[in-house]
Amino acid sequence: MHRRILAPGALAAASLLLAIPASAASYSPGAPGIGDPYYPYYGNGGYDVSHYDLRLQYQPATDELAGTATILARTTQDLSSFDLDFLLDVSEVRVNGVKADFATSGQHELVITPKSPLAQGTQVTVVVRYSGVPSTKSAYGFDTWHRTPDGAVAADEPESAWWWYPSNDHPLDKATYDVSVAVPDGTQVISNGLLQSTSSKLGWTRYNWRQNKPQATYLTTLAVGKFDITTSTSEGGVPVVNAYSKDLGDNDGAARASVERTGELVDWLSGYFGPYPFSSAGGYVPNTTTGYALETQTRVYYSPKQFANGANTSVVVHELAHQWYGDDVSLKGWKDIWINEGFARYAQWLWSEHEGEGTAQELADYVYASHPADDAFWTVKPGDPGPDDQFDIAVYDRGALAIQALRNEVGDDAFFAILKGWPKEHAYGNASVADFEEYAEKVSGKSLSALFDAYLFEPTKPVAPAVKAVGAVAAVAQPKSWKQIEATNDVH
Ligand code: TRP
Ligand code: ZN
């Protein structure tokens with residue numbers, strides 16, 4: 001029982017509020033989307049999550065996932081109800097300890113109506129009890145939960161959370177995480193951050209992972225399976241945790257020869273981007289069959305296919321570059337995807353230069369020369385590509401070309417100051433393409449709007465004073481790193 005003594009005036013004001021039901025008129029439902037024009041129903045309105053605590057159990061044999069999600073949030077408006085994005089079957093919801101009404105709506109909305117409405121600016125605890133078979137669920141035609149012979153993987157972009165935890169599913173609402181999952185003994189669980197502890201009981205082993213820095217929902221990953229886990233510390237002092245499925249077959253050696261270089265590559269990238277922003281680094285290679293890699297925060301997801309042609313440090317550089325460009329500094333809206341992919345691709349160009357396999361300028365020249373003016377490549381605007389072309393090759397290659405053009409325009413000193421300053425400027429936050437342009441102008445002291453327009457926003461091939469090559473593809477030699485860099489784009 002909580003008591004407090006109210007001044008007479010406060011008491012009068014309180015009873016006045018209670019006496020006027022009209023005050024409830026300011027309470028309204030939170031929006032079913034956070035307001036991203038590319039994906040109107042992704043994320044939700046009316047609250048901001050600070051922490052997710054997921055306590056789950058998973059049975060690989062049947063693909064059954066069950067448990068509770070405890071969500072700490074703060075309201076940003078007077079709320080009569082609010083949504084979470086979720087696909088599994090919910091049995092109970094409590095808001096601030098009290099059972100709440102809930103219903104499903106649309107493709108993936110869980111609509112929660114608390115017993116008493118929630119005032120703006122207050123702290124709310126939401127507990128969702130749920131279960132389900134994620135592989136049987138789909139929304140908008142997506143079914144991104146990946147079962148493997150010995151487990152499952154949640155790693156996809158932008159849609160991956162709905163299959164395993166309820167969330168405000170948009171990068172604008174980042175939060176910290178505890179991910180605790182029990183699996184049958186002999187099976188491992190991989191997630192973000194650091195493993196806090198494990199415990200065994202009655203044939204089940206529970207893994208407790210913690211991410212102590214803000215993390216976007218799509219960057220939160222879960223892998224269950226039989227893994228070999230390696231731990232080390234980089235020369236620069238970053239703890240590294242990697243995991244390899246015991247079922248990688250012929251790709252096992254090349255996967256380890258690439259991912260075991262994580263510590264070295266994190267330290268190398270720190271030279272360009274500043275201190276590594278998280279408490280651990282690493283990657284995992286499960287026995288999945290899809291082709292891509294994904295920059296899941298601190299624990300990168302790699303498909304074994306990325307290593308089918310031998311070791312591939314380029315894809316490791318790409319995903320590690322995202323830890324600064326995409327994960328530490330996340331996009332504001334999905335239209336800002338260049339903030340992620342342009343820079344992760346450019347990091348691969350810097351690595352190529354470092355390895356003597358073609359300079360960034362040579363790669364830029366090759367991109368410029370290999371797409372004639374009438375190539376559809378130039379119709380994609382990396383600065384606002386539209387949802388259908390969000391991950392088009394042009395966002396990566398034309399996106400990195402724009403960064404080389406910027407480098408040539410402002411000179412190396414300003415350019416590398418921008419590259420390193422950006423993650424510091426927006427640490428653990430969100431930023432847009434416009435924010436980057438503004439920041440680059442501030443650091444370089446130059447007006448850059450013509451350059452940004454030509455390289456990122458016009459649906460035509462830029463006339464390129466900042467890029468040297470103007471010849472046809474035959475006139476520009478293919479850099480040695482080209483094929484490996486392009487192969488890392490093998491999405492799906
Ligand atoms: N962001 C991923 C990468 O850089 C690529 C990617 C795009 C992706 N769409 C995806 C990965 C969908 C998984 C699922 O490297
Ligand atoms: Zn990428």
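Helices (H or I, at least four residues) and strands (E, at least two) are DSSP runs, numbered from the N terminus. The model is predicted: local features need pLDDT of at least 70 and side-chain atom pairs count only at pLDDT 80 or more, whereas totals for chains, interfaces and linings use all residues. Residues are numbered from 1 along each chain as its sequence is written, chains are lettered from A and ligands numbered from 1 in the order in which they are written, and side-chain values use heavy atoms, with hydrogens and water left out.

**View 1. The shell around ligand 1.** Helix H4 contributes three residues to the shell around ligand 1, the most of any element. Strand E20 (293-294) and H4 each supply at least two residues of this shell. In total 14 residues surround ligand 1, counted when one of their heavy atoms lies within 4 Å of it. Asp156, Glu157, His318, Glu319 and Glu341 are the closest.

**View 2. Polar contacts of ligand 1.** A polar contact is a pair of N or O atoms within 3.5 Å; within protein, one must be able to donate a hydrogen and the other to accept it, and residues adjacent in sequence count only if both atoms are side-chain atoms. The side chain of Glu319 places an N or O atom 2.8 Å from an oxygen atom of ligand 1. A nitrogen atom of ligand 1 lies 2.8 Å from a polar side-chain atom of Glu341. From Ala293, a backbone N or O atom is 3.4 Å from an oxygen atom of ligand 1. Ligand 1 taken alone exposes 360 Å², of which the protein buries 96%; accessible areas come from the Shrake-Rupley method with a 1.4 Å probe, and for residues only the protein chains shown count as cover.

**View 3. The site of the zinc ion (ligand 2).** His318 (NE2), His322 (NE2) and Glu341 (OE) are the protein donors, 1.9 to 2.0 Å from the zinc ion. Donors are N, O and S atoms within 2.8 Å of the metal (3.2 Å for Na, K and Ca); water is not among the atoms, so sites may look incomplete. The donor residues follow the spacing H-x3-H-x18-E. His318 lies in helix H4 (residues 313-324) and Glu341 in helix H5 (residues 338-354), so the pair ties together parts 23 residues apart in sequence.

View 4. His318 is buried, with a relative accessible area of 5%. Glu341 is also buried, at 1%. Buried means under 20% relative accessible area, exposed over 50%, and partly exposed in between (1.4 Å probe, protein chains only).
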